[in-house]
Structure formats: structure tokens, C-alpha cells
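Colleague: I'd like to learn how to read side-chain features in a model. Could you walk me through a few?

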Amino acid sequence: MITVFFHVKVNPSREAEFNAIVAELTASARQDDGCIEFVFHRRIGSPQEVVLYEQWRDQDALSAHIARLVSEMGPPDDAPGLPETHVRRRLPKAFMDLFDSAEPIRYEPVVDEALISSVYGGTS
């Protein structure tokens, strides 16, 4: 399982556009094969600060989701000077331009499911 927290700061002049895209993106992502969780959270007291919490079955599911976004929203940013591993090189430029800043952070489980299963005899 892959868990990503995608921290963004929405450009205040693009907030209405962001809100419209978030509604569509959330509904469509939850239909993607391998999507376990996909939800945006706005920081209380600082509405431009948003975190997308997403979980995917595996890397193939996440890659297929990103490929769908690119096919629907347009290509990633190909500006010279961006490192090949930069998030703007993977996600649609039209989406990334909504943000003043963005940082995806991947997480892994502290305790794996096999250990839990062996201790408690089955899945939760």
C-alpha cells in the first residue's frame, strides 16, 4: 500500500477554480482501480493550506491514476531547470499552477499487515 500526503498552498486568486477541480477530482479518483482513500483537508485558520491524503493499493494503481490525470488535464510542466524527479514533471501543469507551493510526501506503514495478522490471527 502507498500512502501520500500532498501538501499544497492554494494560490488565493485561484481558490474558486481549485474548489471546483477538487470536487471533480475527488469523485473521479475514488473510482480509479486501486484507490483506497482520497480526501482533501483544509487547514483550520489558514484555508489556502491544504493536504491531500491518498492511499493506493500499489505503485501501478498510483501510476495509472497519474496517467489518467495527465490525459484529462494536460501534460506536466516541461520547463527547463526543473529536476526530472520534481512533482511538476509528473502532474498536469494546469493542476500544479493552482498552487503557490506543493510537496508530496510518501509514507510507509510502521507495522506491516503480515505482523498484525500473525499476532491477531487474521485481518482486521
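Modeller: Let's start with polar contacts: a polar contact is a pair of N or O atoms within 3.5 Å; within protein, one must be able to donate a hydrogen and the other to accept it, and residues adjacent in sequence count only if both atoms are side-chain atoms. Here, the side chains of Thr 3 and Gln 55 are joined by one of 3.0 Å. Mind that this is a predicted model, where local features need pLDDT of at least 70, side-chain atom pairs count only at pLDDT 80 or more, and totals for chains, interfaces and linings use all residues. Residues are numbered from 1 along each chain as its sequence is written, and side-chain values use heavy atoms, leaving out hydrogens and water.

Colleague: Is Thr 3 buried or exposed?

Modeller: Buried means under 20% relative accessible area, exposed over 50%, partly exposed in between (1.4 Å probe, protein chains only). Thr 3 has 12% relative accessibility, so it counts as buried.

Colleague: And how do I read a pair of aromatic rings?

Modeller: You describe it by the distance of the centres and the angle of the planes. Rings of Phe, Tyr and Trp (its six-membered ring) pair if their centres lie within 6.5 Å; planes under 30 degrees apart count as stacked, over 60 as edge-to-face and the rest as tilted. This structure holds 8 such pairs. Phe 6 and Phe 99 have ring centres 6.3 Å apart and planes at 85°, so they are edge-to-face.

Colleague: Which other residue forms an edge-to-face pair with Phe 99?

Modeller: Phe 95, at 5.0 Å centre to centre and 90° between the planes. Phe 95 is buried, with a relative accessible area of 4%, and Phe 99 is buried at 8%.
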